[in-house]
Amino acid sequence: MKLSTLVYMTVAGSLISALSVGCSKSEEALAIDLSRQASAAAQESGYKMQQEGEAVLHVYTWSDYISPDVLASFEKALNCKVKIDTFDSNETMYAKLKAGGAGYDIIMPSSYLVSLMAKEGLITKFDHARIPNVRKNFDKNFSSQILDPTFLYNVPYAVTYTGFMYIKNKVPAGVDINSWKALENSAFNGKVTLLDDLREVIGAGLMACGYSINSRNPAEIDAAVEMVLKWKKNVRKFDSESYKTEVASSATWLGLGYSTDATQVIIGEEEGDARDDIGFALPKEGYTIAFDEMVLSSKSKNVDLAYAFINYLYNGDVAKVNMEYIMGPMPVKPGIDALDEGYRSQIVLSEEIITKGQPLMPVDDDPAVMELYNKAWDKIKATK
């Protein structure tokens with residue numbers, strides 16, 4: 001499926017006055033003021049304003065993944081600071097945490113890592129009484145894509161679909177851009193980038209071979225490696241960030257990447273920036289469905305503020321603004337319902353398309369399987 005180019009939509013809305021609670025900070029007008037929603041969400045979560053000093057919420061997430069207006073409104077309402085650190089792959093994030101990287105309150109891993117992080121004591125269970133918006137506003141249409149519908153350690157944040165971001169006029173006649181086979185075409189020699197992500201790339205090889213993205217079969221994993229090595233003849237590099245700008249600049253013609261990133265480039269950040277020459281396709285043999293989750297660090301020093309923030313993100317008004325920024329769906333029904341119909345149809349996939357996607361499942365419960373994947377990844381990266 002291709003995402004057709006959208007005309008850039010200017011986010012509109014009248015400013016909402018902040019409640020008096022904690023709005024001594026950031027008195028300047030916001031483009032979109034959600035401070036009233038932030039105050040209400042904080043009160044619902046049981047948050048009590050810090051009497052002295054400025055509270056700081058530390059969030060570890062993907063780049064460009066939370067609207068600046070959403071962040072600024074929260075800071076204004078609660079007289080706090082939200083500090084964002086970013087990672088470019090789940091492996092990078094996990095390695096940093098395992099190496100002792102601490103100080104975070106909220107982390108946003110993909111679903112398949114949550115069980116491992118819980119088992120290793122990196123995250124803690126949620127008290128859902130403190131995030132009432134989650135149960136109230138979760139869109140059940142996304143239930144089939146959620147690994148743990150009990151939300152014991154996880155609150156679903158946003159879903160991305162992995163496919164091809166590509167330059168339309170660089171696709172040779174007769175090449176099916178909606179197939180993994182496109183990666184084998186010699187016309188793309190030196191013009192392909194793959195994600196620097198073990199599960200995504202090996203999973204792509206598995207799906208291209210007709211297997212489950214979550215296979216534990218050594219023979220199937222070996223076949224996936226051989227498939228990826230065929231593609232590697234055309235690959236200029238493995239990277240999970242730069243493909244966004246490289247496809248836009250024509251340095252890369254075909255980049256394996258995320259739907260949210262592609263849509264941001266296709267639509268453009270400002271009026272007139274839309275790119276009719278760039279498309280996004282989901283391979284018909286299967287593609288990755290990956291939910292990124294909000295998890296609560298077991299070392300959080302700002303648990304109350306973290307609960308307030310998560311409850312705030314599940315407010316319908318907030319989710320709408322956030323989805324217009326990240327250009328991907330959050331499973332927040334009142335937010336989705338409030339989106340412009342044309343925009344909603346672009347970022348929320350049809351049931352028919354969803355059935356072709358495969359959610360990444362954890363394989364870390366079996367050390368032998370993880371060793372298979374790690375060795376497979378090492379072989380892919382080392383082979384010239």
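Biologist: At what angle do the axes of helix α1 and helix α10 cross?
Modeller: This is a predicted model. Helix α1 covers residues 35–45 and helix α10 covers residues 303–313. Their axes come within 8 Å. They cross at roughly 125°.

Biologist: Is α1 parallel or oblique to α10?
Modeller: The crossing is right-handed. The angle is roughly 125°. Angles of 65 to 115 degrees count as roughly perpendicular and those over 145 as roughly antiparallel. That leaves α1 and α10 oblique.

Biologist: Which residues of α10 meet α1?
Modeller: The residues of this contact divide into six nonpolar, three polar and two charged. From α1 come Gln37, Ala38, Ala41, Ala42, Glu44 and Ser45. On the α10 side they meet Asp304, Tyr307, Ala308, Asn311 and Tyr312.

Biologist: What do the buried residues of α1 pack against?
Modeller: Buried in α1 are Ser35, Gln37, Ala38, Ser39, Ala41, Ala42 and Ser45. Just after the helix, Gly46 takes a positive phi of about 85°. The buried residues pack against α2 (68–78), α5 (132–137), α10 and α11 (316–326).

Biologist: Within what arc do the buried residues of α3 fall?
Modeller: Helix α3 spans residues 90–98. Its buried residues are Asn90, Met93, Tyr94 and Leu97. They line one face of the helix, because seen down the axis of α3 they fall within an arc of 95°.

Biologist: What covers the buried residues of α3?
Modeller: After α3 comes Gly100, with a positive phi near 110°. Over the buried residues, the cover includes strands and a helix. Among them are β1 (55–62), β2 (80–87), β3 (106–107) and α4 (114–119).

Biologist: Is α6 parallel or perpendicular to α15?
Modeller: Helix α6 takes in residues 198–208, and helix α15 takes in residues 367–382. Their axes come within 10 Å and cross at roughly 85°. The relation of α6 to α15 is therefore roughly perpendicular.

Biologist: How do the residues of the contact of α6 with α15 divide?
Modeller: Leu198, Arg199, Val201, Ile202 and Leu206 are the α6 residues in contact. Their partners in α15 are Tyr373, Asn374, Ala376, Trp377 and Ile380. The division is eight nonpolar, one polar and one charged.

Biologist: Which residues does Cys209 touch, not counting those up to four places away in sequence?
Modeller: Cys209 lies in the loop between α6 and α7 (218–232). Its relative accessible area is 26%, so Cys209 is partly exposed. The C-alpha atoms of Cys209 and Met227 are separated by 7.6 Å, and the two are 18 residues apart along the chain. Cys209 touches Ala223, Ala224 and Met227.

Biologist: What is the phi of Asn79?
Modeller: Asn79 is in the loop between α2 and β2. Asn79 counts as partly exposed because its relative accessibility is 24%. Most residues other than glycine have a negative phi. For Asn79, phi is positive, near 50°.

Biologist: Is Phe151 buried or exposed?
Modeller: Phe151 sits in the loop between α5 and β5 (155–167). Phi of Phe151 is positive, near 55°, in a residue other than glycine. Buried means under 20% relative accessible area. At 2%, Phe151 is therefore buried.

Terms used: Residues numbered from 1 in each chain as written. Predicted model: local features only at pLDDT ≥ 70, side-chain atom pairs only at ≥ 80, totals over all residues. Heavy atoms only, no water. Axes fitted to C-alpha atoms, helices over the stretch in contact; angles between N-to-C directions. Helix = DSSP H or I, 4+ residues; strand = E, 2+ residues; numbered from the N terminus. Parallel < 35°, antiparallel > 145°, perpendicular 65-115°, else oblique. Left-handed = near helix turned anticlockwise from the far one by under 90°. Contact = heavy atoms within 4.5 Å. Nonpolar A, V, L, I, M, F, W, Y, C, P; charged D, E, K, R; others polar. Buried < 20%, exposed > 50% of the residue type's maximum accessible area, 1.4 Å probe, protein only. Arc of directions from axis to C-beta.
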